[in-house]
Amino acid sequence: MKINTILFVLSLLMPGYAMAQDVVFTENAAAEPSRPTAWQEELTQRLDYLMYDKLLQTSQIGLMVYDLTDNQVVYAKNERQRLRPASVMKLVTSITALDLLGGDYGYHTSICYRGTLLNDTLRGSLYCVGGFDPTLTKDDLREIARQVRGFGIRCIRGEIVADLTMKDTLTYGSGWCWDDDNDRLTPLLVDKKDQFMSVFCQELRGQGISLDAILGRGKLPQGCTEICRYRSGMDKILTRMMKNSDNLYAESMFYQIAKASSPASGKASDAAGAVKRLLYRLGLDPVDYTIADGSGLSLYNYVSAELIVRLLRYAYDNKEIFDHLYPSLPIAGVDGTLENRMTKAPCKGNVHAKTGTVSGVSTLGGYCQAANGHTLCFAIFNQGLVKASDGRAFQDKICDAICR
């Protein structure tokens, strides 16, 4: 029996009930489709023509273009197919992080001690508490060492402890290729390398601090005194992560999500759970997708063009997210990984998007303005490629079509 028939019968038997149901039904009813504008018809023709590109005879395409001004899909092709996102996965990570943590979130590395500080000598333990800040440099550690000296410590007798408990012990991502030369995922880094403790000890000695101590690992106990704290802001992480497509920065953000979601665990699965909770809130079925890491290096990630567009829409509608996300995106013909792509009008300076490349896959997702002044968001997935450059050239054609 059709819904309208059911409501009609109920209106006869239960007028009050029918009135309430009529309101719900009216609100949820699909609006009459509007007549396509000349711009929409031209855009559809241009994109339909590109769907005959010979590249698509031997590879897969997932495509969705959404008009944010008119709040409607303007073009879609295989938009629900599950494909590998490559570094477009960084859009998933960044939007989830901004939604969960906020744009003012800080990455913290702390130096604390426990023991007795007497006559410039610390007898006890100095703790280096990692917050997975990928921006720390040797110069930063030199400044931290200066602050330790400024605290009144000239000699350390005991132990210098690395607290790595903000995340699990895995130093690689699930589904990463064994022959890739990837950065180690550890909460204490310097110049993106797993050398924090040795470099920090060098800098302590450089400040004239005598070390009669062994190096160890452990968890910061209660009752410790904080000497100093180094903080990096979300935008600093986000900009390099997106403009340069830095995988380590993306994984550090992924684990910030994990730690916020499950402080006692800090596993990649905790971050994946947070992503899926956001997808559920946005009306997508989380079961349909696989979230394995934050950077897109994993071969186990499977998402869709529809998912990326839904997240881009959510970000656009939330100023607190968009104000941080949008400036971080590479700009066509201007900077980041799009500096040398789409270097002419109408795309140059107009397309703000995240690129993605892994073996056999090339992707692009972001925002642009159409010739009619409308703001669009889009996601383009090319999978099964022999040459990534073919996928990039195809995506540039798509962007030219939707911008012109």
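The questions below go through a predicted model and ask what stands behind each label.

Q: How do you know that the length of helix α5 fits its number of residues?
A: Helix α5 covers residues 138-150, which makes 13 residues. At 1.5 Å a residue, the helix should span 18 Å. Its end C-alpha atoms are 18 Å apart, so expectation and model agree.

Q: What makes the buried residues of α5 one face of the helix?
A: The buried residues are Asp140, Leu141, Ile144, Ala145 and Val148. Looking down the axis of α5, they fall within an arc of 140°, so they line one face. These buried residues pack against β3, α6 and β7. The face turned away from the buried side carries the exposed residues Asp139 and Gly150.

Q: What makes the salt bridge of Arg142 and Glu203 a tie between separate parts?
A: The closest N and O atoms of Arg142 and Glu203 are 3.1 Å apart. Arg142 lies in helix α5 and Glu203 in helix α6, so the pair ties together parts that are 61 residues apart in sequence. Glu203 has a relative accessible area of 6%, so it is buried.

Q: How do you know that Lys192 and Asp246 are in a salt bridge, and what do they link?
A: Their side chains meet at 2.7 Å, N to O, and the limit is 4 Å. The pair links distant parts of the chain, 54 residues apart. Lys192 sits in the loop between β5 and α6, while Asp246 sits in the loop between α7 and α8. Lys192 has 22% relative accessibility, so it is partly exposed. Asp246 has 5%, so it is buried. The whole structure holds 16 salt bridges.

Q: Why is strand β9 called largely enclosed?
A: Eight of its nine residues are buried, so the rest of the structure largely encloses it.

Q: What makes β9 a partner of β8 and of β10?
A: Strands pair if there are at least two bridges between them. β8 and β9 share seven bridges in the antiparallel sense, so they pair. Gly366 in β9 is the bridge partner of Ala353. β9 and β10 share nine bridges, again antiparallel, so they pair as well. There, Thr363 stands opposite Phe381 in β10.

Q: What sits in the turns of these hairpins?
A: Two residues lie between β8 and β9, and Gly360 in that turn has a positive phi of about 85°. Five residues lie between β9 and β10, where Gly373 takes a positive phi near 90°.

Q: Why is Gln256 called buried, and what does its side chain reach?
A: Gln256 lies in helix α8. Its relative accessibility is 2%, so it counts as buried. Its side chain reaches the backbone oxygen of Gly131 at 2.9 Å. Among the residues Gln256 touches are Leu101, Tyr105 and Met166.

Q: What makes the phi of Asn119 and of Asp191 stand out?
A: Most residues other than glycine have a negative phi. Asn119, in the loop between β3 and β4, has a positive phi near 55°. Asp191, in the loop between β5 and α6, has a positive phi near 50°. Asn119 is exposed at 68% relative accessible area, and Asp191 is partly exposed at 40%.

Q: Which peptide bond is cis, and what is its omega?
A: Most peptide bonds are trans. The bond joining Ala345 and Pro346 is cis, with omega about 5°. Pro346 is found in the loop between α11 and β8.

Technical notes: Residues numbered from 1 in each chain as written. Predicted model: local features only at pLDDT ≥ 70, side-chain atom pairs only at ≥ 80, totals over all residues. Heavy atoms only, no water. Helix = DSSP H or I, 4+ residues; strand = E, 2+ residues; numbered from the N terminus. Expected span 1.5 Å × (residues − 1). Buried < 20%, exposed > 50% of the residue type's maximum accessible area, 1.4 Å probe, protein only. Arc of directions from axis to C-beta. Contact = heavy atoms within 4.5 Å. Polar contact = N/O pair within 3.5 Å; in protein donor to acceptor, adjacent residues only side chain to side chain. Lists of a residue's contacts leave out its neighbours within four places in sequence.
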